[in-house]
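Here are my notes for you to read alongside the coordinates.

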Amino acid sequence: MTALTRRSFLSASTAAIVLTRPDQAHAAPRIALPSDVAQRDAATVTAIRTRSPVVAMTFDDGPHPKLTPILLDMLRARNMRATFYLIGNRVVKWPDIVRRIADEGHEIGNHSWSHPDLSRQSESRVIQEIDRTSDAIFRVTGRPPVTFRPPYGAFSRRQRLMLYEQRNLPTILWSVDPQDWRRPGASVVASRILKGSRPGAIILSHDIQSGTVNAMPRTLDGLAARGLKFGTMSQMMGWPLWQSRRFRRVSAG
Ligand SMILES: [Zn+2]
């Protein structure tokens, strides 16, 4: 696959998204979509308003060469789907893991190229960080991410609106933050997530932390024991599965 030019990427992310049925190889079991999904602000999402028992597990900062495959094994054993917000410069280092994430039915989101504090960056630098990452993910998986998560959550409202307008990417924040990057230990991470999660929650965590990955068996089983199901971000938004999207290349002519 050749590189996506800036212009063709723009077209792919706006007018030329072609939705088809999921092909069988990548078809993930569908969760029942919440009928009352609602977004207050198209450019910014912190949680989904729903009474349906569904939450989104999100994992930032990967892929990690050792920990991400361990996490993928845990998710596969439970038939659960998550969303991975990947850093572009790690995507190009570990493309096989990125491909595995996509192949196993998880969604991949954009978490910038080099993980800077984007709130302090110019608009052109922000777009460059995001485009470069979308392009890397596109090259590996055949589709660009459809949501963005800013490093540190540092992204102004003006920037969120700009990104939504220019790239059609909503900014996905979170409603549950276990502060796992402070390394409080696996049992604290699990307790915080279990305590904070309710229907519609978007749960933040980091699969580059061994404590977080170690917390996942108890966390995932604990959430499931409460009857909570796991949706990818696209499912939470009421969109087609990321794997089912087809992005037609548009000639730049
Ligand atoms: Zn991050």
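**Notes on the model**

1. Start with M57. Ignoring neighbours within four places in sequence, M57 is in contact with A82, T83, I203, S205, M216, L220, L223, F230 and G231. One thing to keep in mind throughout: this is a predicted model.

2. As background, nonpolar side chains in soluble globular proteins tend to be buried together.

3. Next, the largest pocket. It holds about 240 Å³ of space. Its lining is made up of 15 residues, and H115, Y152, W181, L204 and H206 are the ones nearest the centre. Sorted by class, the lining has six nonpolar, five polar and four charged residues.

4. I checked the geometry of helix α5, residues 123–141. Its 19 residues should span 27 Å at 1.5 Å a residue, and the C-alpha atoms at its ends are 27 Å apart, so the two values agree. After α5 comes G142, which has a positive phi, near 90 degrees.

5. Have a look at the peptide bond from G62 to P63: it is cis, with omega near 0 degrees. P63 is in the loop that runs between β3 (54–60) and α2 (67–78).

6. Which residues other than glycine have a positive phi? S112 is one, with phi near 80 degrees. Q179 is another, with phi near 55 degrees. S112 belongs to the loop between β5 (107–110) and α5, while Q179 is in the loop between β6 (171–172) and α7 (186–196).

7. Are those two residues buried or exposed? S112 has a relative accessible area of 0%, so S112 is buried, given that the cut-off for buried is under 20%. Q179 comes out at 25%, and therefore counts as partly exposed, the class between the 20% and 50% limits.

Methods: Residues are numbered from 1 along each chain as its sequence is written. This is a predicted model: local features need pLDDT of at least 70, side-chain atom pairs count only at pLDDT 80 or more; totals for chains, interfaces and linings use all residues. Side-chain values use heavy atoms; hydrogens and water are left out. On a 1 Å grid over the protein atoms alone, a cavity is a set of points where a 1.4 Å probe fits but cannot get out, and a pocket is an open set with protein on both sides within 12 Å along at least five of seven lines; lining residues have an atom within 4 Å of a point. Grid points are joined across faces, edges and corners, and a volume is the space filled by probe spheres set on the points. Ala, Val, Leu, Ile, Met, Phe, Trp, Tyr, Cys and Pro count as nonpolar, Asp, Glu, Lys and Arg as charged, and the others, Gly among them, as polar. Helices (H or I, at least four residues) and strands (E, at least two) are DSSP runs, numbered from the N terminus. The expected span of a helix is 1.5 Å times one less than its number of residues. Buried means under 20% relative accessible area, exposed over 50%, partly exposed in between (1.4 Å probe, protein chains only). Contact means heavy atoms within 4.5 Å.
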